[in-house]
Amino acid sequence: MTRKTDEVMCPNPKCGYYLKAEGKAIIKRGKYKTGHQRYYCKHCNKFFLWIQ
């Protein structure tokens with residue numbers, strides 16, 4: 001199953017764009033050793049794994 005980046009929202013509660021779709025700046029940034037896509041939030045400078 002593939003997921004689109006536009007469905008991904010920042011899961012960091014300290015981020016101003018926490019779980020907000022509008023104004024977000026999320027980019028794909030490599031993969032984890034497990035093969036899962038790694039995402040990066042440009043607002044809070046955090047990497048995360050998005051699981052829905």
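**Strands, rings and charges**

Modeller: Strands β1 and β2 run antiparallel and are joined by 4 bridges. Strands here are DSSP runs marked E of at least two residues, and helices are H or I runs of at least four, numbered from the N terminus. This is a predicted model, where local features need pLDDT of at least 70, side-chain atom pairs count only at pLDDT 80 or more, and totals for chains, interfaces and linings use all residues. Residues are numbered from 1 along each chain as its sequence is written, and side-chain values use heavy atoms, with hydrogens and water left out.

Colleague: OK, and what order do the strands of the sheet have?

Modeller: The order is β1-β2-β3, in an open sheet of 3 strands with antiparallel pairing. Two strands pair if DSSP finds at least two bridges between them. The edge strands, β1 and β3, each pair on one side only.

Colleague: By how many degrees are neighbouring strands turned against each other?

Modeller: On average 35 degrees, direction ignored. The axes are lines fitted to C-alpha atoms (for helices over the stretch in contact), and angles run from 0 to 180 degrees between N-to-C directions.

Colleague: Which residue in β2 stands opposite K28?

Modeller: That's Y39. Y39 is buried, with a relative accessible area of 4%. Buried means under 20% relative accessible area, exposed means over 50%, and partly exposed is in between (1.4 Å probe, protein chains only).

Colleague: How far is the C-alpha of Y39 from that of M9?

Modeller: They are separated by 9.6 Å, with the two residues 30 apart along the chain.

Colleague: Switching topic: how many aromatic pairs are there?

Modeller: The structure holds 2. Y39 and F48 make a stacked one, at 6.0 Å centre to centre and 25 degrees between the planes. Rings of Phe, Tyr and Trp (its six-membered ring) pair if their centres lie within 6.5 Å; planes under 30 degrees apart count as stacked, over 60 as edge-to-face and the rest as tilted. Y40 and F47 form a tilted pair, with 4.8 Å between centres and 45 degrees between planes.

Colleague: Which charged end sits over the ring of Y40?

Modeller: The one of R29, 4.9 Å from the ring centre. For F47, the charged end of R38 sits over the ring, 4.0 Å from its centre. A charge sits over a ring if NZ of Lys or CZ of Arg is within 6 Å of the ring centre and within 35 degrees of the ring normal.

Colleague: Now Q37, where does Q37 lie?

Modeller: In strand β2, which covers residues 37–41. The side chain of Q37 reaches the backbone oxygen of G30 at 2.8 Å. Leaving out residues up to four places away in sequence, Q37 touches K28, R29, G30, K31, Y32, F48 and L49. Contact means heavy atoms within 4.5 Å.

Colleague: Last one: what is phi of L19?

Modeller: Phi of L19 is near 55 degrees, a positive value in a residue other than glycine. L19 is in the segment before β1 (26–31), and counts as partly exposed at 44% relative accessibility. N45 also isn't a glycine and has a positive phi of about 60 degrees. N45 lies in the loop between β2 and β3 (46–48).

Key. A polar contact is a pair of N or O atoms within 3.5 Å; within protein, one must be able to donate a hydrogen and the other to accept it, and residues adjacent in sequence count only if both atoms are side-chain atoms.
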